[in-house]
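Here are my notes on this one, in the order I'd click through it. Have it open while you read.

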Amino acid sequence: AQWEPSITQATLADSLPPSLLLKVNAHQLQGYQVINAPGSSTFYFEYQANHQALLREMAQLPFAIDSVRADAQCRLITESEKIEGLKKKFNDALIARNLLTDSDFDTFTAYECLKSPQHHFILLDKQSDRVIHIIQQV
């Protein structure tokens with residue numbers, strides 16, 4: 001039988017420590033979890049937070065001790081090919097969940113941060129404190 005993805009509601013507190021959410025003054029923390037296959041899921045969140053505090057606190061998150069690679073800080077995604085790849089990978093899911101419209105993607109600055117077992121993609125709105133936060137379980 002073929003695996004059918006399932007979608008459930010999720011809160012950011014399920015994926016990040018409550019202390020981090022307090023430090024970045026995060027609000028409106030509801031989102032979605034898409035279970036792509038057994039053991040593989042992606043979380044999508046939209047919330048308001050202090051951008052610089054969020055990047056600083058994300059850099060300090062722990063990671064699995066057996067990680068081959070982990071980021072000590074969130075990395076700005078600047079290469080246009082990588083931004084297009086990110087857009088291609090997530091844009092449809094974000095639009096389907098009413099988190100973005102097709103033209104919105106360009107109004108964000110994109111970062112990524114690998115904190116095994118999670119891979120974070122953080123889109124920061126250039127005009128407000130809005131955040132789109134995608135977390136892949138790796």
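This is a predicted model: local features need pLDDT of at least 70, side-chain atom pairs count only at pLDDT 80 or more; totals for chains, interfaces and linings use all residues.

1. Now the main core. The largest nonpolar core has 23 residues, and the members touching the most others are Leu 20, Tyr 47, Leu 54, Met 58 and Ile 122. At least two core residues come from each of helix 1 (18-23), strand 3 (40-48), helix 2 (51-59), strand 5 (108-115), strand 6 (118-125) and strand 7 (130-137). Helix 2 is the top contributor, giving four residues. There's also another core apart from this one, made of twelve residues, including Leu 86, Phe 108, Leu 123 and Ile 132. As background, nonpolar side chains in soluble globular proteins tend to be buried together.

2. Which strand is largely enclosed by the rest of the structure? That's strand 5: seven of its eight residues are buried, so the remainder of the structure largely wraps it. On one pairing, strand 5 runs antiparallel to strand 4 (residues 75-76) over two bridges, with Tyr 111 as the bridge partner of Leu 76. Strand 5 also pairs with strand 6, again in the antiparallel sense, over eight bridges. Thr 109 sits opposite Leu 124 in that pairing, and the two strands make a hairpin with two residues between them.

3. The C-alpha atoms of Asn 50 and Val 24 are separated by 5.3 Å, although the two residues are 26 apart along the chain.

4. How many salt bridges are there? The count is four. One of them joins Glu 57 and Lys 23, with the closest N and O atoms 3.8 Å apart. This pair ties helix 2, where Glu 57 sits, to helix 1, where Lys 23 sits, across 34 residues of chain. Buried or exposed? Glu 57 is buried at 12% relative accessibility, while Lys 23 is exposed at 54%.

5. Glu 112 and Arg 75 form another salt bridge, the closest N and O atoms being 3.5 Å apart. Here too distant parts of the chain are linked: Glu 112 belongs to strand 5 and Arg 75 to strand 4, 37 residues apart. Glu 112 is buried, with a relative accessible area of 5%, and Arg 75 is partly exposed at 28%.

6. Last stop: the side chains of Asp 125 and Arg 130 meet in a salt bridge at 3.9 Å, N to O. Asp 125 and Arg 130 are both buried, and together with Glu 46 they're linked in a network of salt bridges.

Notes
Residues are numbered from 1 along each chain as its sequence is written. Side-chain values use heavy atoms; hydrogens and water are left out. A nonpolar core is a set of buried Ala, Val, Leu, Ile, Met, Phe, Trp, Tyr and Cys residues joined through side-chain atoms within 4.5 Å. Buried means under 20% relative accessible area, exposed over 50%, partly exposed in between (1.4 Å probe, protein chains only). Two strands pair if DSSP finds at least two bridges between them.
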